[in-house]
Amino acid sequence: GMWDDAGGGEPMKKTKAPPVNHYTDIAIAARSGRAESSSSRDEARDAEHKMQYIHRDSGLFPAPLPPDAPNMDSILERFRFLGTFIAKALLDSRLVSIHLSRPLYKAICAVPILAADLADIDPEKARHLAHLHKVALQKRAADNLQDPKARREALAAMEDVELYCLTMEYAPSSTMHGFKSVELVPDGANVTVTNENVHEYVKLMYRFILDEGVCAQIDAIREGISEVFASSQLKAFTPTELRSMLSGEATVSWTREELLEHLEPRNGYDADSPTFLHLVQVLFDMEERDRKDFLRFATGVRGLPPGGLKNLEPRLTVVRKHTDTDPDAHFPSANTCFHFLKLPEYSSQENLCVRLNTALRHGMDGFFLD
């Protein structure tokens with residue numbers, strides 16, 4: 001089947017983990033527009049530096065491909081690397097900002113993917129196939145009517161799917177994948193989808209998108225995982241648990257007490273320093289989106305590990321940023337490798353809030369020495 005275990009592999013001995021930014025850089029590269037066939041559609045955002053990144057609100061899922069797709073060997077090698085990257089991040093307890101879809105997490109955990117999961121992969125196609133499936137059910141119900149007149153009337157009242165001009169083919173959403181279509185049946189390009197065969201069309205489309213067209217990519221991910229540890233070990237987790245371990249909790253929440261307990265003031269600040277206490281209050285007052293932005297600024301990842309701040313490794317440390325001029329004229333900076341927030345000694349909580357928010361809005365994509 002599609003989700004058979006890809007095999008074992010000797011467990012890798014845990015060595016010194018690479019720095020956090022190593023995982024962050026790879027996660028960013030994995031979403032780049034150069035990573036062909038990493039998403040089911042070609043939606044991309046053009047960042048300020050003219051780099052394109054694949055983005056789906058519901059997360060990434062492999063694009064369905066035929067076995068003879070162009071560059072298939074290279075594509076599968078990238079998915080193997082993705083699997084190894086995921087496994088190494090899990091082994092090193094590193095959170096990574098890579099937004100995978102729930103169906104992909106299900107596949108990695110060896111949980112069967114269902115037709116209903118298509119809504120999380122390609123909502124537009126899911127709506128289209130659901131509509132055609134409804135027509136197929138109406139056709140079956142009409143055929144089962146015993147009264148000939150009632151059957152004729154029911155069939156005559158049905159929508160004619162032939163008006164959609166569909167053939168028994170899967171057409172990719174983008175030309176970037178290097179093929180125009182995949183025939184779902186022999187000579188499918190010349191087989192029109194009608195009310196008589198629409199049920200078969202829907203069934204074959206689901207099978208190709210969720211099984212036959214992605215099984216090689218999923219197997220490659222699991223092979224990559226098995227380079228680090230047996231991929232079967234991930235069967236012990238639910239898709240939600242795996243997502244939390246890899247990318248952090250879906251929501252970010254903390255109390256003032258948690259901030260005071262788990263933020264570590266050092267190098268010029270202590271637990272009673274006014275600037276440190278102002279920071280705690282500003283973080284406590286933040287909306288969730290701003291909290292995620294702050295975590296990305298300070299740690300490189302927009303989430304917290306399962307259990308929240310107390311399980312963040314290394315701990316988030318707040319150090320005094322020494323300045324030669326008025327501290328209120330300077331912005332915070334961060335060392336994401338060590339979770340260091342470098343904070344000038346602002347004269348008030350209001351100034352701290354303004355400068356920090358400006359840094360969160362405009363200082364996310366720079367790498368500077370300070």
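Biologist: Of the contacts with a separation of 6 or more, what share comes from residues 24 or more positions apart?
Modeller: Residues 24 or more positions apart make up 69% of those contacts in the protein. Keep in mind that this is a predicted model.

Biologist: How many helices and strands does the protein have?
Modeller: There are 13 helices and 8 strands.

Biologist: And what percentage of the residues is buried?
Modeller: The protein has 370 residues, and 44% of them count as buried. Its accessible surface comes to about 19200 Å². Carbon and sulfur atoms hold 51% of that surface.

Biologist: Let's look at helix packing. At what angle do α5 and α6 pack?
Modeller: Helix α5, residues 123-143, and helix α6, residues 148-157, pack at about 165°. Their axes are 8 Å apart. An angle over 145 degrees counts as roughly antiparallel, so α5 and α6 are roughly antiparallel to each other.

Biologist: Which residues meet there?
Modeller: From α5 there are Lys139, Ala142 and Asp143, and from α6 there are Arg151, Ala154 and Leu155. By class, the contact of α5 with α6 has 3 nonpolar, no polar and 3 charged residues.

Biologist: Take Ala142. Is Ala142 buried or exposed?
Modeller: Buried: the relative accessible area of Ala142 is 3%, and the cut-off for buried is under 20%.

Biologist: What is Ala142 in contact with, leaving aside neighbours within four places in sequence?
Modeller: Ala142 is in contact with Arg151, Ala154 and Leu155. As for Leu155, it sits 13 residues from Ala142 in sequence, and their C-alpha atoms are 6.1 Å apart in space.

Biologist: What about α5 and α7, at what angle do they pack?
Modeller: About 145°, with the axes of α5 and α7 8 Å apart. Helix α7 covers residues 198-212. The crossing of α5 and α7 is left-handed.

Biologist: Which residues make that contact?
Modeller: On the α5 side the contact includes Leu129, Leu132 and His133, and on the α7 side it includes Tyr201, Val202 and Met205. The contact of α5 with α7 divides into 11 nonpolar, 2 polar and 2 charged residues.

Biologist: New topic. Which residues of α9 are buried?
Modeller: In helix α9, residues 239-247, the buried ones are Pro239, Leu242, Ser244, Leu246 and Ser247.

Biologist: And what covers the buried residues of α9?
Modeller: The cover includes α2, residues 72-91, and α3, residues 102-108. Just after α9 comes Gly248, which takes a positive phi of about 95°.

Biologist: Where does Arg94 lie?
Modeller: Arg94 lies in the loop between α2 and α3.

Biologist: Last one. In which strand is Thr317 found?
Modeller: Thr317 is in strand β6, residues 317-320. Thr317 is buried, with a relative accessible area of 3%.

Biologist: Which residues does Thr317 touch, not counting those up to four places away in sequence?
Modeller: Thr317 touches Glu264, Arg266, His339, Phe340 and Leu341.

Terms used. Residues are numbered from 1 along each chain as its sequence is written. This is a predicted model: local features need pLDDT of at least 70, side-chain atom pairs count only at pLDDT 80 or more; totals for chains, interfaces and linings use all residues. Side-chain values use heavy atoms; hydrogens and water are left out. Axes are lines fitted to C-alpha atoms, for helices over the stretch in contact, and angles run from 0 to 180 degrees between N-to-C directions. Helices (H or I, at least four residues) and strands (E, at least two) are DSSP runs, numbered from the N terminus. Angles under 35 degrees count as roughly parallel, over 145 as roughly antiparallel, 65 to 115 as roughly perpendicular and the rest as oblique. Contact means heavy atoms within 4.5 Å. Ala, Val, Leu, Ile, Met, Phe, Trp, Tyr, Cys and Pro count as nonpolar, Asp, Glu, Lys and Arg as charged, and the others, Gly among them, as polar. Buried means under 20% relative accessible area, exposed over 50%, partly exposed in between (1.4 Å probe, protein chains only). Accessible areas come from the Shrake-Rupley method with a 1.4 Å probe; for residues, only the protein chains shown count as cover. A crossing is left-handed if the near helix is turned anticlockwise from the far one by less than a right angle, and right-handed if clockwise.
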